[in-house]
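Biologist: Before we start, please show me the model. I will then ask about helix packing, surface and salt bridges.

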Amino acid sequence: MLFPIAMALSNVILLLVLMLFALTLSAAYLKRDVWSWPGIWLMALFGMVLIGTLYTPAPWHWVSVDLSKYAKFGCAVVLMLLLVRFPQWQKRALWAFVAAMLFILASTWLNVWFVLPWSVTKTPGWGLSHHVFGDYITQNVMMSFLIVFALSKVQCPWLGQTSLFWSLVAVLGGFSITHLSSGRTGVLLLLAGLVSWMLMRWEGKKLWIGLSVLVLIVSGVLASSSGMRERMALSWAEFGKRDVDVMSSVGHRAYNYRTVPKMMAESPIMGHGTGAYHTEICRFLDKPEWCEIFRWHPHNQFLLFGASHGLIGVLLYIALLASLYRVAMRSDHAQGKVLLVSFTSILLVDSMINSPLFSSRESHFFLFMMALLVAMNHKIDSQNTVLRQEI
């Protein structure tokens, strides 16, 4: 519940969990049936990060940055091992996240009329960008997943109190992304989550009707929101000037897509080493003064792994994503399957336009929610059944 709102406090709680895990470590955590392929690929990725420290040209400052970011991979695996054995805590953990996001959703809407002391946005008013914590991109990432969760709770009869409540949550969450935020990333991630949800819930004629309705809804949102139309027009304008204005949102990403592959080509298999992206990318920029702007991350998780850890790093990340889909498709946990597929699609799309496993708040969400959803869908007993509980 804490990490969407108070990241420092959530880190303290996580540290306590890790300490207690170490104190209670037993052979039960080493059994084959409590491990999953996503956990194995996460450990392999972190192993690559550790190996990369042996040949990196980067100074310790930048090596330590990457180590601190990717150390969360190990934390996620620990959470997988813990949660897979305790289905009741899976339920509690997911509802804690939902409670935090409902608080954020309510605060976002209240911020249109009131100045809330805990909101980042201190100016009320319609037509402005409102977010409660971190930045609007991170909030919209998590809000996209909350909307998928809300839709997974909508059941027949459609007019029941529970279904109406979660339908309202989904609608308000969607409008918070499209009308109360200045970003464009959230819209793409919401579409990824919604399309995945439809693919998992419907088939045949019903699926095509659903996708058609989604197109109509998107068209209606564009027509009803001048802010959305301006954002789409700005995206198109930035794309047209991508070779000239490399400091715009689209231009910055396009420049990374042209520049980082040149760095990857120098060391295509193993990469340049842990932390090396932050120093070596400066050699490939057109102007030295751009170094501080482009060196943090390339707004693409695949490129970041490729630059620092080569083709091996990229393939390990692809294997992780594929294993998440595989766990979902082999699961018989109806709700957990839908949530994991939609979550993985959101992560996949975000990885193409951001660096979600490097950015602090996004990596908190993606890694720890990944651990929870894998535990919910993981088969762990000798009869190959699922210890599960409907959320």
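Modeller: The crossing of α4 and α16 is right-handed, where right-handed means that the near helix is turned clockwise from the far one by less than a right angle, and left-handed anticlockwise. Helices here are DSSP runs (H or I, at least four residues), numbered from the N terminus. This is a predicted model: local features need pLDDT of at least 70 and side-chain atom pairs count only at pLDDT 80 or more, while totals for chains, interfaces and linings use all residues. Residues are numbered from 1 along each chain as its sequence is written, and side-chain values use heavy atoms, with hydrogens and water left out.

Biologist: At roughly what angle do the axes of α4 and α16 cross?

Modeller: Axes are lines fitted to C-alpha atoms, for helices over the stretch in contact, and angles run from 0 to 180 degrees between N-to-C directions. Helix α4 covers residues 72-83 and helix α16 residues 360-377, and their axes come within 8 Å. The crossing angle is roughly 25°.

Biologist: What is the handedness of the crossing of α11 and α14?

Modeller: The axes of helix α11 (residues 249-266) and α14 come within 8 Å and cross at roughly 25°. That angle makes α11 roughly parallel to α14. As α11 passes α14, the crossing is left-handed.

Biologist: Are α6 and α15 roughly parallel or roughly antiparallel?

Modeller: Helix α6 spans residues 136-152 and helix α15 residues 334-353, with axes 10 Å apart. The crossing of α6 past α15 is right-handed. Their packing angle is about 155°, which makes α6 and α15 roughly antiparallel.

Biologist: Which helix gives the largest share of the nonpolar patch?

Modeller: The surface patch is formed by Ile51, Leu54, Ile269, Met270, Leu311, Ile312, Leu315 and Ile318, with about 720 Å² of accessible area together. Patch residues have over 30% relative accessible area and no salt bridge; nonpolar side chains (Val, Leu, Ile, Met, Phe, Trp, Tyr) are joined within 5 Å, like charges within 9 Å. Areas come from the Shrake-Rupley method with a 1.4 Å probe, and for residues only the protein chains shown count as cover. The largest share, four residues, comes from helix α14 (residues 301-329).

Biologist: Does Ile312 count as buried, partly exposed or exposed?

Modeller: Ile312 sits in helix α14. Buried means under 20% relative accessible area, exposed over 50%, and partly exposed in between (1.4 Å probe, protein chains only). At 31% relative accessibility, Ile312 is partly exposed.

Biologist: What is the relative accessible area of Glu280?

Modeller: Glu280 also forms a salt bridge with Arg283, at 2.8 Å between the closest N and O atoms. Arg283 is partly exposed, at 46% relative accessibility. Glu280 is buried, with a relative accessible area of 15%.

Biologist: Which residue has a positive phi although it is not a glycine?

Modeller: Most residues other than glycine have a negative phi. The residue in question is found in the loop between α13 (291-294) and α14. With a phi of about 55°, the residue is His299.

Biologist: What distance separates the C-alpha atoms of Asp286 and Leu110?

Modeller: Asp286 is in the loop between α12 (277-280) and α13, and counts as exposed at 56% relative accessibility. Asp286 and Leu110 are 176 residues apart along the chain, and their C-alpha atoms are separated by 45 Å.

Key:
A salt bridge is a side-chain nitrogen of Lys or Arg within 4 Å of a carboxyl oxygen of Asp or Glu. Helices (H or I, at least four residues) and strands (E, at least two) are DSSP runs, numbered from the N terminus. Angles under 35 degrees count as roughly parallel, over 145 as roughly antiparallel, 65 to 115 as roughly perpendicular and the rest as oblique.
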